Amino acid sequence: MASAASASSTGCLVRSRFPLGECQHHRNNGIALLPQLPKPLISLSSSSSSSKAAAIAIAIPTATASERKERSSFARTAAVRHLVGSVTTAHGLRFAVVVARFNEIVTKPLLEGALTTFNNYSVQEEDIDVVWVPGSFEIGVVAQRLGSSGRYHAVLCIGAVIRGDTTHYDAVANSAASGVLSAGLKSGVPCIFGVLTCDNMEQALNRAGGKSGNKGAETALTAIVMASLFVHQLK
């Protein structure tokens with residue numbers, strides 16, 4: 001008890017019992033006394049003398065009003081670039097159009113819609129080349145060759161695949177889509193997919209200038225936007 005009282009008077013914390021001579025700070029009847037450690041960040045306080053339950057109080061720093069204002073100002077002024085193509089910068093852009101002859105009753109109106117859109121957005125006729133291929137299956141390889149030539153800023157791919165009684169439709173439609181995608185990836189030039197894949201001829205004609213609009217015109221507009229994006233924003 002005398003040693004414990006001595007420890008309390010010296011401000012040291014009693015840790016364990018050691019043989020005499022082992023502690024460098026105090027030696028008192030075999031009790032090793034270590035210097036009291038700094039107070040921890042987590043403080044323990046008694047909630048009541050009867051319950052003797054310890055409550056842990058953790059101090060969490062809060063941002064001042066000036067710090068919050070500074071952070072808010074930083075968020076507002078952070079520069080975020082939005083890169084988009086524009087239909088108003090089509091002058092000087094060159095385009096190739098690959099058109100399938102199969103289902104020509106559909107693909108010709110699609111081509112006319114595309115050429116009309118080019119004219120409406122100031123694309124010169126001498127900056128447009130039209131290449132005819134037998135069917136939609138052959139579009140991909142020709143689109144890749146045109147894209148890799150370095151002469152065009154975008155390639156339109158126009159065709160029409162109508163579902164029939166066999167699975168031939170699925171093979172051609174899937175091959176046309178993957179071929180156009182591959183052409184764009186390999187050439188680095190936007191190749192726009194404008195191949196209609198319809199269940200019947202009525203659906204195709206409705207999308208070739210009928211009540212559902214002209215998908216050829218939409219394809220040309222997409223080509224202008226993508227060409228503008230690549231030329232003016234993604235150099």
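A residue is called partly exposed when its relative accessible area falls between the limits for buried, under 20%, and exposed, over 50%. By that rule Glu104, at 28% relative accessibility, is partly exposed. The structure is a predicted model, and the values below were computed from it.

Glu104 has a charged partner. Its side chain meets that of Arg101 in a salt bridge, with an N to O distance of 3.2 Å. Arg101 has a relative accessible area of 45%, so this residue is also partly exposed. In total, the structure holds six salt bridges. Side chains of opposite charge can pair when their charged atoms come close.

Arg94 takes part in two of the pairings described here. One partner is Asp127, where the closest N and O atoms lie 3.4 Å apart. Arg94 sits in the loop between α2 (65-77) and β6 (95-100), and Asp127 in the loop between α3 (104-120) and β7 (128-133). The pair therefore ties together parts that are 33 residues apart in sequence. The other partner is Asp129, and here the N to O distance is 3.2 Å. Asp129 belongs to strand β7, so its pairing with the loop residue Arg94 ties together parts that are 35 residues apart in sequence.

Arg94 counts as partly exposed because its relative accessibility is 22%. Asp127 reaches 13%, so it counts as buried; the cut-off for that class is under 20%. Asp129 has a relative accessible area of 27% and is partly exposed. Returning to the pair of Arg101 and Glu104, their side chains meet at 3.2 Å, N to O. Elsewhere, salt bridges that share partners join Arg94, Asp127 and Asp129 into one network.

Rolling a probe the size of a water molecule over the atoms shows where empty space is left. The largest pocket holds about 220 Å³ of space. Its lining consists of 14 residues, and those closest to its centre are Phe102, Asn103, Val161, His168 and Val172. Two elements, β8 (154-162) and α5 (168-187), each give two or more residues to this lining. By residue class, the lining divides into seven nonpolar, six polar and one charged.

Asn103 also stands out in its backbone. Its phi is positive, at about 60°, although the residue is not a glycine. Asn103 is located in the loop between β6 and α3. With a relative accessible area of 17%, Asn103 is buried. Ser122 likewise has a positive phi without being a glycine, with a value of about 65°. Ser122 lies in the loop between α3 and β7. Its relative accessible area is 43%, so Ser122 is partly exposed.

Leu146 has a relative accessibility of 9% and so counts as buried. Leu146 and Phe95 are 51 residues apart in sequence, with a C-alpha to C-alpha distance of 9.6 Å.

Phe230 is part of helix α7 (residues 215-232). Phe230 is partly exposed, with a relative accessible area of 32%. Patch residues need over 30% relative accessible area, so Phe230, at 32%, passes this cut-off.

Key:
Residues are numbered from 1 along each chain as its sequence is written. This is a predicted model: local features need pLDDT of at least 70, side-chain atom pairs count only at pLDDT 80 or more; totals for chains, interfaces and linings use all residues. Side-chain values use heavy atoms; hydrogens and water are left out. On a 1 Å grid over the protein atoms alone, a cavity is a set of points where a 1.4 Å probe fits but cannot get out, and a pocket is an open set with protein on both sides within 12 Å along at least five of seven lines; lining residues have an atom within 4 Å of a point. Grid points are joined across faces, edges and corners, and a volume is the space filled by probe spheres set on the points. Helices (H or I, at least four residues) and strands (E, at least two) are DSSP runs, numbered from the N terminus. Ala, Val, Leu, Ile, Met, Phe, Trp, Tyr, Cys and Pro count as nonpolar, Asp, Glu, Lys and Arg as charged, and the others, Gly among them, as polar. Buried means under 20% relative accessible area, exposed over 50%, partly exposed in between (1.4 Å probe, protein chains only). A salt bridge is a side-chain nitrogen of Lys or Arg within 4 Å of a carboxyl oxygen of Asp or Glu.
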